[in-house]
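Subject: Model for your files

Hello,

Please find the model below, for you to keep and look through. My notes come after it.

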Amino acid sequence: MADISFSVNGKAVHASQDEADLPLIDFLQEDLNLTGTKFCCGIGVCRACTVSVRRQPGAPSEPMIACSTPLSSLSGVEVYTVESVAENGKLHPLQQEFLDHFSFQCGYCTPGFLMAAMTLWDRLTDNPIPKDALDKVIDDALKDHICRCTGYIRYYEAVKAAILKQPGMVA
Amino acid sequence: MKNTAFSMTRRSFIKTVAGVSFTVNMIPVTELLADETDEITSLNSGDWSKAPGKARYRIDGLVKVTGQKVFARDYHAWNLPGWPKEERPVMIVRATDVNNPFESLDLSLIPQNAQPIEVLYGEKIINEVLRPNKLQDRDTQENQPLIQDVKVKRPSALTWPFIVSKGKRASFYGQPVAFLIFKDGKDYRAAKKAIQFNSDFVIYDKKPSNKPVFPFNPLTNYVRVASDTKGKDVFSYAQNGDDKNYSEKAFVHRTHIQEEMASGEWKTYSTNCSMQAMDPMFMEPENGLGWYDAANKTLNLLVGTQSPDGDMNDVLEMFTGNNPVVEVKTVNIISCYPGGGFGGRDSSVFTLNLAIAAAYAGGKPIRLAYDRFEQFQAGLKRHACELTESLSVDDDGKIQALDVMMSFDGGGRENLSPWVAQLAGLCAGGSYSIPRAAINSNAMYSKNISGGSQRGFGGPQAFFAIETLLDEIAKDNGWDPIELRRKNTLSEGENTVVGGPITEKLRLHEILDKSEDHDIWRHQKREKERWRKEGLLYGVGFAMSMQAFGTSGDGLIGYVELDPKGQLVVKTNAVDMGNGSATTLAVSTAHHLGRNASSIDMGNPDLYPVLKMNSDSKGSWKEADWTANGVGSSSACLTAFHQVHAINQASKVLFDTAIVPVAREIFGLPDIPAHDLIWKNERLYAKDRDLPPIPMDIIADVIHRTGRIKGALVHAYFQEIWVKADFAVQGITHNWEIDGLAVYSAGQKKPEIIRRAVNSGRYPSAASSRYSRTTFAPCGNIIGLTVDPVSGEAVVRKSLSVLNAGQIITEELVSGQSQGGVAMAIGYSLLEDMPPGLGGPADGDWNLNQYFVPRAGDVALKGQELITLDPLKDDKTGKGIAEAVMCSVAPAISNALYDATGVRFRDLPITAEKIRKGMDKNG
């Protein structure tokens, strides 16, 4: 049987068919030593393990729950994790706003919120929306995520601030 | 990128436990890896420091927002330098039957090629000391002391064995029956898939038996009768608690109070409340790595805990038996940031289980990493509570008497349960002046999952009862709920229900005034009408709490060092569970040293032993090395007042003994008073003198070149007051609010321990040990919510918290803690349910698909507001507010539900089904 081939943060990776049932999060953490993606509930409820994926090159970004996605479903998929967000030592605007808003406390849910927001960011980059629709799309992106420390408000405010500061995302 | 956030501090010290000496090395995990691997070298805190005393963002923010390795779960053995790369996963199998003896495991259910390489049953380590003194049922056979071949000694804090032996009954749901150690992750996963939810795997003998139910000691019995003289009591625990016949006298007073309440002289209202157990649901399930290095007789542990001091002591004690399973000479502890805590990682038995597994793994590294099902089954819980309360008021609405009985379900392990019940006893009196109070509060042993010190520490349960009763009294008599509270607030100089004095301005009236003036309270009618048009019922409820922070006697430790370049390093035993203590402590150097720390090193149990102090129960303040309490666990409420004080005082010692002498020399002003030396923009100025300021790096350079004092390690103790004592340093006597000190000089390896003068100083009174608490963070909450009359669904639309937080250090951290507290309380009130016994998580099959924690849609994202009272002129310190806001949210919700529906709900959580049924019953 052929290996399962996909990419993680722009690098091609391969998994053997023996690992077909392995959840993506275990592969990221144990095979690739990418531990930024967090395990929490393991059943796809809390969204702490959210990564951003493109099903094929050029396809729109979408969130994926790494704890409940077996490697067998990832052939050809581009996976992006929190480790890919800052480039050349420079934080992404979403990361900077998370910091500036004191959005998180323990920080364990942060990569999940960040990657969900990154997916939204990518979407708005390609398809700007009216400003008055922004609250709704932020809520759609984050409403299923669980944070036990902060009460959510500061995450929402940070994502909104980052998007509003970025030219061309809202009309 | 240069690491500036975490200093490399692999420190070593000798610790003696039960007559056995160990070498303990503390290794911050971030430093270990930053030093030895390429991939982590970007670890740093970035440009977090805004200005002296201020933070631009969290000091731990950058590493967390970029997904770097700061949590224990981020590590495997193969990441750790010097560890074997082969890692053995460990699975703990837990009891789901507490009535029948554990017989065996059906290992045939595990695929042959995935069998564990080691099955650790209880009898391998069970021959140990039982602890009947911790229990009430001393006469039962199974609790008789038994001292035999001790492989792993059970620490004195633990009542029941680590692992149930074959033929024995589990003492509570979730008690381990075996540890399974697997060859690798592949086998572990295959085995887990086969057995995790298979009830046939653990076999029980069918010999039913029940364990008796009894309370954990101590029991809380607060009875108070006030006198007509303000502050003086006829009888109270604080005043009479040391009397030999306190219980008998208390019984007489209690009976009299109850008779008066029944006499009809006052309006007396009674209620029963039932509150569920609650999971802290911190996001990172407990996990860690362990490795017993046989060649070096060294036990290595990588953990993230709230209680590093206590965990370390317990782990060491485990290997002091007469024939330990492995010989341990050295323990290396690698400490990580915990992914949330809320009390759930405080004195958890997890670290001890990790040590056991490591000891039996044949010299290989092991990994114990709970999944969420296991965390629900094994992790500490907020206690379920049954509560009966009566409250009497006179015709003017003045509270005359209170009678309360609280029973907390402590579960199997004692943990901090009796202390939770004890603080609940104080909280039962709310924020009010109550002349007659009779309060019983006990934590009961049961077979349920163990309870622990969850956020609020008994406060949420106790405040819920009195705040919903007051609302009922107000509504029943046509009184305004806020005005009723205003008539009864406690004030400075009065006593709590324990009899302890109120020694600060609580500012409860201001909280009531601001609540009363707020739009949510003022526009109730308008909002009711607005929501009625949308087919929803709207209600508003108010409640107030006065949550204490700290414990009845807190020992704190803090270290501040000036490095050769003028950067400040802070070290503490405190742990940052996410509450922001790392950031708060890092900015706390600024008051005395003019700048923030550039490095913060958290979770170090090695600091206190340096001082060589003793806290023997027979000691006294007359002994220069004695303190009433060494160090305790970390809780979020200990940061702003307690831990900050230790760093503040260490900074002051450094200022007085190092900075001032050097500054006098450089300025050429040998007699300039210390208070005329003033920091501005990180430079030191001589007040009213036209001299150029001195940069810190110049001062640091002189200190290090001339071998002067560069660092101060202090121990402080608070019990109503801070201990204040004289210390002679290099011939000059200083007076500081500390009780222990060591100073570090440049070029010297060892610190100099300096004992306090015993013939002077300020020390707590003996009576203050019975005050329970004297520091409070009052808070009022208003909740505006809607109820769907058809489904019963309640949605919080607006919330206001009015908080007395004292002098706020970092506004964003206070606000974030408040918002998190409101969210958690909404879950507690409306969503999170956890039945006892096998109907709940004890069965091992619970997860977030059954346990519903609040999401963004459950909190009033755009309708939530926090008002903090402006600090008074005399407010020099902050208050520990982590749990302050949470405590009165649940009763405010219940009161709002009554306002909306006309039904009183006192059975938490108040689910949509309960609301619907309540409304149906009410017609």
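The notes below go through the chain contact, the helix pairs, the sheets and a few backbone details.

Please keep in mind that this is a predicted model.

Contact between the chains

The contact between the two chains takes 45 residues from chain B and 41 residues from chain A. On the chain B side, α2 (61-65) and α20 (811-831) each supply at least two residues. Of the elements there, α20(B) gives the most, with seven residues. By class, the side of chain B that touches chain A divides into 18 nonpolar, 17 polar and 10 charged residues.

Helix pairs

Two packed helices are described by the angle between their axes and the distance between the axes. I have one pair from each chain.

In chain A, helix α2 (residues 93-100) and helix α5 (residues 153-165) have axes that come within 8 Å and cross at roughly 135°. That angle makes α2(A) oblique to α5(A). Their crossing is right-handed. From α2(A), the residues A:P93, A:L94, A:E97 and A:F98 take part, and they meet A:A158, A:V159, A:A161, A:A162 and A:K165 of α5(A). This contact has seven nonpolar, no polar and two charged residues.

In chain B, helix α9 (residues 417-427) packs on helix α10 (residues 459-477) at an angle of about 30°, with the axes 8 Å apart. The two helices are therefore roughly parallel, since angles under 35 degrees count as such. The crossing of α9(B) and α10(B) is right-handed. On the α9(B) side the contact is made by B:L423, B:A424 and B:C427, and on the α10(B) side by B:G459, B:Q461, B:A462 and B:F463. Five of the residues in this contact are nonpolar, two are polar and none is charged.

Sheets and strands in chain B

Strands of a sheet pair through backbone hydrogen bonds, either parallel or antiparallel.

One open sheet has four strands in the order β20-β33-β34-β35 (chain B), and its pairing is mixed. Its edge strands are β20 (537-548) and β35 (864-868), each of which pairs on one side only. From one strand to the next, the twist averages 15°. Within this sheet, β33 (residues 776-787) and β34 (residues 794-803) of chain B pair in the antiparallel sense over nine bridges. There, B:G780 stands opposite B:V802 in β34(B). Helix α14 (residues 524-532) of chain B lies across β20 and β33, and runs at about 135° to β20(B).

Another open sheet has three strands in the order β24-β25-β26 (chain B), with antiparallel pairing. Here β24 (677-680) and β26 (694-695) stand at the edges with a single partner strand each, so one side of each has no neighbour in the sheet. Strand β25 (residues 683-686) of chain B pairs with β26(B) over two bridges, and B:R683 stands opposite B:P695 in β26(B).

Strand β8 (residues 176-181) of chain B is mostly covered, with six of its six residues buried. It pairs in the antiparallel sense with β5 (residues 88-94) of chain B over five bridges, where B:M91 stands opposite B:L180 in β8(B). Strand β8(B) also pairs in the antiparallel sense with β7 (residues 118-121) of chain B, over four bridges. In that pairing, B:E118 stands opposite B:I181.

Backbone details in chain B

Most residues other than glycine have a negative phi, and most peptide bonds are trans. The following residues are worth a look with that in mind.

- The peptide bond from B:N217 to B:P218 is cis, with omega near -5°. B:P218 lies in the loop between β9 (202-204) and β10 (220-226) of chain B.
- The peptide bond from B:L908 to B:P909 is also cis, with omega near -5°. The loop between α21 (889-901) and α22 (912-922) of chain B holds B:P909.
- B:A18 is not a glycine, yet has a positive phi of about 50°. This residue lies in the loop between β1 (11-17) and β2 (20-28) of chain B. With 14 other C-beta atoms within 10 Å, B:A18 is partly exposed.
- B:F342, a residue other than glycine, has a positive phi near 55°. B:F342 is found in the loop between β15 (330-335) and α7 (350-359) of chain B. With 33 other C-beta atoms within 10 Å, B:F342 is buried.

Regards

Key:
Residues numbered from 1 in each chain as written. Chains lettered and ligands numbered in written order. Predicted model: local features only at pLDDT ≥ 70, side-chain atom pairs only at ≥ 80, totals over all residues. Buried ≥ 20, exposed ≤ 12 C-beta atoms within 10 Å, placed from the backbone. Pairing = 2+ DSSP bridges. Contact = placed C-beta atoms within 7 Å. Nonpolar A, V, L, I, M, F, W, Y, C, P; charged D, E, K, R; others polar. Axes fitted to C-alpha atoms, helices over the stretch in contact; angles between N-to-C directions. Parallel < 35°, antiparallel > 145°, perpendicular 65-115°, else oblique. Left-handed = near helix turned anticlockwise from the far one by under 90°.
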